[in-house]
Amino acid sequence: MIQLKNFQTEAVEKLTYFLDPKLNIDRLILKAPTGSGKTIILLSWINGYIESRNDDVAFVWFTPGAGELEEQSKNKSTNFSSMMSQDVDDVLASGFTKGSTTFINYERVVGKKAKAFTNGEKANLQDRIDDAIENGIHFIVIVDEAHLKVSTDASQSVISRFNADKEIWVSATIDKPNQEGVDYYEIPETAVIDSGLITKAVIVNENIENIEPEIYSEFSSLFCAAESKRVEMVRHYENLNIEGINPLVLVQLPDDSNDEFRKRVENYIESNLGKTYDNETLAIWLSNIKRNAVNVTNLNDSVQYLIIKQAIATGWDAPRASIIVKLRENMAENFTIQTIGRIRRMPQPDIGHYNDEVLDNSYIYTFDQDFLNQVYNSQSATQKTPILKLKASAGNISLTSERRSERHADAKIVRELLYAGLKDQYGFNGNVDTNMRILKKHFGDTVGSVFVGNDLLQGRYSVSDEAVDLLRSSTRRVRVDYNENRMDVIHALHELDRVLHLPVGQVQGLLQLFFMSRKVNKNDSRFFITKMNSNQWTAFILNYWCKLRDDIRTISLSVSVQNSFMPDLSDFTIPTEERYNYNPAYEKITGRQVLITNAYEEYTDSIVYTRPSNVERLFERYMETLASDVDFVYKNGDKGPQYFSILYNTISYQNQFFPDYLVQMKNGDLWIIETKGGQSNAGQNLNIDDSAENKYYALRAYVENYGQSIGVNLKWAFVRDMDNKLYYRNDELWFEQIVSNGKYNWDPISELFGKN
């Protein structure tokens with residue numbers, strides 16, 4: 001019998017309580033960190049339910065991916081004596097039975113290739129569902145990795161066919177919804193670490209500075225460092241007399257990489273590391289290629305390097321994998337967290353940590369700085385509060401929330417506007433030689449070279465450490481090649497895509513049209529700025545993508561898109577429940593101080609303490625001094641449809657922002673407050689939001705458009721700080737500097753709410 005950890009037992013108890021028919025709750029969101037054993041938790045719960053009850057219930061378990069997760073979950077269920085497990089084929093043949101658990105992969109029931117609902121001579125899945133309901137069977141549906149598929153209309157349609165009494169959605173990266181009839185339970189990651197199920201920390205690019213880079217092969221440095229770490233882990237297992245564990249290195253290819261790129265990676269591993277398919281130390285697990293992968297999850301399997309793509313983020317499970325060489329580009333945050341989780345499982349969960357610094361940690365090797373920043377920012381020295389309840393006085397506010405309609409401007413319009421903006425900013429003309437001199441003047445003398453300076457980040461990340469090593473940076477000079485450095489260019493293009501909001505292929509096409517020599521039609525030749533060769537263009541992009549990004553952002557914000565966007569509108573009310581980050585250590589030192597002006601009960605100063613923005617901390621504490629005049633202060637979220645948002649447009653796309661605060665005064669005024677970084681005493685501008693000016697005018701326009709229709713006196717202001725004092729502005733024009741030439745452009749906040 002499997003012995004559950006304490007946090008797993010608590011999760012099973014929560015699931016059991018959720019089934020109480022007296023509760024008016026139809027769905028439970030279970031947020032379980034990767035490595036917490038969510039499959040074991042669910043199977044233990046189902047097994048216990050079947051053993052203790054005689055209900056006419058059948059469980060249906062949905063999984064994403066190409067089928068591996070479905071098979072893994074089903075195979076694990078064989079360790080539970082009371083479970084009767086089956087798959088779609090079994091159901092089509094025999095139907096749903098009392099006490100059964102059916103594992104269904106989405107690919108079998110959603111999409112054009114899905115055949116399970118097809119009508120024919122034999123019963124289809126809908127027939128089997130109808131038969132079960134007619135025979136008194138009640139369904140409980142589990143949605144595994146719920147962040148991946150469940151949000152689509154097609155998936156929701158399939159789930160709804162079961163008319164389930166209860167639904168459990170499970171994921172490591174799913175947030176608490178603002179929705180009636182839905183409960184939420186989160187397993188703290190610190191509890192999983194303390195139990196020994198996952199590693200203590202993730203170490204980034206350790207000792208990579210000692211590896212000499214090879215021209216045309218940046219990832220050679222990554223592989224050399226990863227192999228050195230793998231050998232070190234082998235040695236530490238031997239020193240502890242631990243046998244039967246062969247450390248595994250995951251090599252994650254970009255999703256959009258082609259066969260040529262894959263073969264380059266394979267050739268390097270075989271030629272330089274001596275890991276080959278023939279000697280069974282190299283394996284590959286892609287959707288269309290699998291080799292030496294049958295037993296790769298076994299702790300003592302001979303494979304030392306496994307090449308993968310998507311499988312790592314959809315429930316893939318190999319606890320001996322502690323190292324990853326990441327070649328993926330532009331990952332979303334939730335995918336990043338999943339990736340980290342796949343190398344954080346301890347190989348022997350019954351033993352846990354070995355009290356060995358090398359073996360108790362995980363390792364990432366990558367040059368993807370965006371990925372590394374996500375690693376370091378995904379957790380901090382905080383944890384979530386218990387659920388906070390909204391005060392009755394804050395429940396009557398209703399505003400119109402504007403959201404992106406996801407519509408882009410025409411690519412030809414963007415090309416014209418961007419070219420005109422660059423031309424105006426730098427004085428480019430029709431002479432490419434003159435323009436090259438202008439580029440060197442404004443960008444640097446390395447324009448036109450074929451060398452690039454590569455920044456390398458190193459450090460340590462751990463949610464359980466009180467302190468985290470700061471990122472350390474160094475620069476290395478490497479010759480580039482248009483073909484060999486394709487992935488580096490893609491990363492840079494993704495960074496530029498964030499301000500242009502165009503497909504990466506279109507971003508590349510624009511920059512090649514402007515700066516690289518190539519054949520184009522006569523009409524497009526008028527957009528030439530320079531004619532660099534392909535390697536010069538590659539080095540230019542890699543060296544100066546940051547400046548290009550800033551220039552494009554400036555042009556984008558200064559040019560109004562020619563066609564008007566219509567926003568998607570929805571009604572906003574303050575969520576009745578919320579959870580914020582707070583710092584328990586700070587609360588122990590200072591005592592528990594409840595802020596009486598906040599919209600939520602039991603909202604404490606330890607929540608304010610965790611705010612990364614000084615102006616936010618100052619603002620919330622200042623509002624406490626106005627408690628006799630303030631009805632409530634609501635701290636808005638910064639992403640998600642449940643929070644209040646306002647739109648502003650740029651050169652090619654709709655953008656939305658989430659104003660920081662709503663302040664209801666007792667005199668009836670409702671204020672929308674946006675905070676920004678302020679100004680140092682020396683005059684340095686501390687505002688890092690390049691879109692602040694556009695947001696300023698968008699907020700002003702919002703109040704003008706909606707202020708008369710909502711039945712309250714709607715007001716607005718931007719608030720910034722200087723010398724730990726707050727200043728505001730809500731006039732017609734934006735000023736970047738709080739003080740310039742001895743004159744205050746922003747007013748003291750004491751004048752904003754009528755206080756002197």
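A few conventions come first. Residues are numbered from 1 along each chain as its sequence is written, and side-chain values use heavy atoms, without hydrogens or water. As the model is predicted, local features need pLDDT of at least 70 and side-chain atom pairs count only at pLDDT 80 or more, while totals for chains, interfaces and linings use all residues.

**Exercise 1. Find out how β6 is placed and which strands pair with β6.**

Step 1. Locate the strand: β6 covers residues 166–171. Strands here are DSSP runs of E with at least two residues, and helices are runs of H or I with at least four, numbered from the N terminus.

Step 2. Check burial, meaning under 20% relative accessible area (1.4 Å probe, protein chains only). Six of the six residues are buried, so β6 is largely enclosed by the rest of the structure.

Step 3. Sort the side chains: K166, I168 and V170 point one way, and E167, W169 and S171 the other.

Step 4. Look for partners; two strands pair if DSSP finds at least two bridges between them. Strand β1 (residues 27–31) runs parallel to β6 with five bridges, and K31 stands opposite S171. Strand β5 (residues 138–143) is also parallel to β6, over four bridges, with I142 opposite I168.

**Exercise 2. Trace the open sheet that contains β23.**

Step 1. Write down the order of the six strands: β23-β26-β27-β28-β29-β32, with mixed pairing.

Step 2. Pick out the edges: β23 (630–635) and β32 (747–748) each pair on one side only.

Step 3. Follow β23 to its neighbour: five bridges join β23 to β26 (residues 661–665), and the two run antiparallel. Here V630 faces M665.

**Exercise 3. Describe the setting of L250.**

Step 1. L250 belongs to strand β9 (residues 248–252).

Step 2. L250 counts as buried because its relative accessibility is 0%.

Step 3. Compare sequence with space: L250 and I308 are 58 residues apart in sequence, yet 7.0 Å apart from C-alpha to C-alpha.

Terms used: Buried means under 20% relative accessible area, exposed over 50%, partly exposed in between (1.4 Å probe, protein chains only).
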